[in-house]
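Let's take a walk through a protein model together. Have the sequence and the 3D view open, and look for each piece as we get to it.

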Amino acid sequence: MTEAETVVVDQVTHHYGSKQALDRMSWAAPAAAITCVLGPNGAGKTSIMEMAEGLRRPDSGTIRVLDTDPWHASAEHRARVGVMLQDGGLPGSVRPLRLLKHLAALYDEPDALPALVDALGIGDFQRTNLRRLSGGQRQRVALAAALVGRPKVAFLDEPSAGLDPHARLDVWDLVREHRDRGTTIVVTTHSFEEAERLADQVIIVAGGSVVAQGDVATVSGTVGLEQTYFDLTRRSKDTAR
Ligand SMILES: Nc1ncnc2c1ncn2[C@@H]1O[C@H](COP(=O)(O)OP(=O)(O)OP(=O)(O)O)[C@@H](O)[C@H]1O
């Protein structure tokens, strides 16, 4: 791990029962940069994110986040890591503002809540119970919850999936702002546009392994990101059969 790398995944393999989800996966996320992880359904994106978050333990290989093994990490380490899970994981009977105030109070130097609420348009529904919000509204709260502690590294699982175009732009602006303040951000996405507009680095995974990694221009080559993705993921799918 170099000083410039905040997340390092090295030769990670994982099975769920007899199903192999990760196959010697290796990649690194540079500090204070946005890494977008692309890959087909079932490629292993959520699995590796959960391992980097310390929620799941790999069968073999190593993961270092802020130079720490996330599985054995202390509470101090976890406070420096922001997490947005794919299905939110938020309590239904709480109002957004109440939740964010509660979370902010857990951190030494939380983000300024009014600015965060404003950036994600949460003010319009801040006093409505989470269970009564739309999926996109809940997602915005989940993103705010991941960033409110001003983490050193944030793992965001499909943060803009299902959001309307305005909300997507808001999310991208906020993610860039946190990157510019020094947060290392790892984002999974199925959107080529998101990767092209947001990523300092793109990783394409397929069949549990990395099939491409680099800046958008390098990975895209002359054919573009979308074509590169189809070429690489189709090929790996064919050879896996
Ligand atoms: N808890 C689990 N039990 C059994 N198999 C699982 C479990 N979680 C994931 N898998 C399997 O592991 C593989 C990788 O799943 P994972 O959720 O990491 O993929 P993904 O790239 O995040 O997919 P998506 O784009 O659909 O979110 C899939 O084949 C999936 O069926």
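Start with L66, which sits in the loop between β4 (60-65) and α2 (75-79). Those names come from DSSP runs numbered from the N terminus: helices are H or I runs of at least four residues, and strands are E runs of at least two. This is a predicted model, where local features need a pLDDT of at least 70 and side-chain atom pairs count only at pLDDT 80 or more, while totals for chains, interfaces and linings use all residues. Residues are numbered from 1 along each chain as its sequence is written.

What is phi of L66 near? It is near 50°, a positive value in a residue other than glycine. Most residues other than glycine have a negative phi. L66 is partly exposed, with 17 other C-beta atoms within 10 Å. Here is how that label works: a residue is buried if 20 or more other C-beta atoms lie within 10 Å of its own, exposed if 12 or fewer, and partly exposed in between, with C-beta atoms placed from the backbone.

A32 lies in the loop between β2 and β3, and it is partly exposed, with 17 other C-beta atoms within 10 Å.

Now find T184, in strand β7. T184 and A32 are 152 residues apart along the chain, yet 4.3 Å separates their C-alpha atoms. T184 counts as buried, because it has 24 C-beta neighbours inside 10 Å. Leaving aside neighbours within four places in sequence, T184 is in contact (C-beta atoms, placed from the backbone, within 7 Å) with several residues, including T6, V7, A32 and K152.

D180 counts as exposed, with 9 C-beta neighbours inside 10 Å. D180 and E53 are 127 residues apart along the chain, and their C-alpha atoms are separated by 22 Å.

## A strand with partners on hand

Is strand β3 (residues 34-38) enclosed or open? Since 5 of its 5 residues are buried, β3 is largely enclosed by the rest of the structure. I34, C36 and L38 point one way, while T35 and V37 point the other way. In a regular strand the side chains alternate between the two faces of the sheet.

Strands count as paired if DSSP finds at least two bridges between them. β3 runs parallel to β7 (residues 184-188), joined by 4 bridges, and V37 stands opposite T188 there. Another 4 bridges join β3 to β8 (residues 201-206), also parallel; in β8, V202 is the bridge partner of C36.

Helix α1 (residues 45-52) has 6 of its 8 residues buried, so it is largely enclosed by the rest of the structure. Those buried residues are K45, S47, I48, M49, M51 and A52. Just after α1, G54 takes a positive phi of about 85°.

Helix α5 (residues 135-147) has 13 residues, which should span 18 Å at 1.5 Å a residue; its end C-alpha atoms are 19 Å apart, which agrees. The expected span is 1.5 Å times one less than the number of residues. In α5, 11 of the 13 residues are buried, and they pack against β5 (81-84), α3 (96-104), α4 (113-119), β6 (153-157) and α6 (165-180).

The largest nonpolar core has 61 residues, and those with the most contacts inside it include C36, A52, L143 and A144. α5 gives the most to this core, with 7 residues. A nonpolar core is a set of buried Ala, Val, Leu, Ile, Met, Phe, Trp, Tyr and Cys residues joined through C-beta atoms within 7 Å. Leaving aside neighbours within four places in sequence, L143 is in contact with M84, L120, L156, P159 and V171.

Terms used. Contact = placed C-beta atoms within 7 Å.
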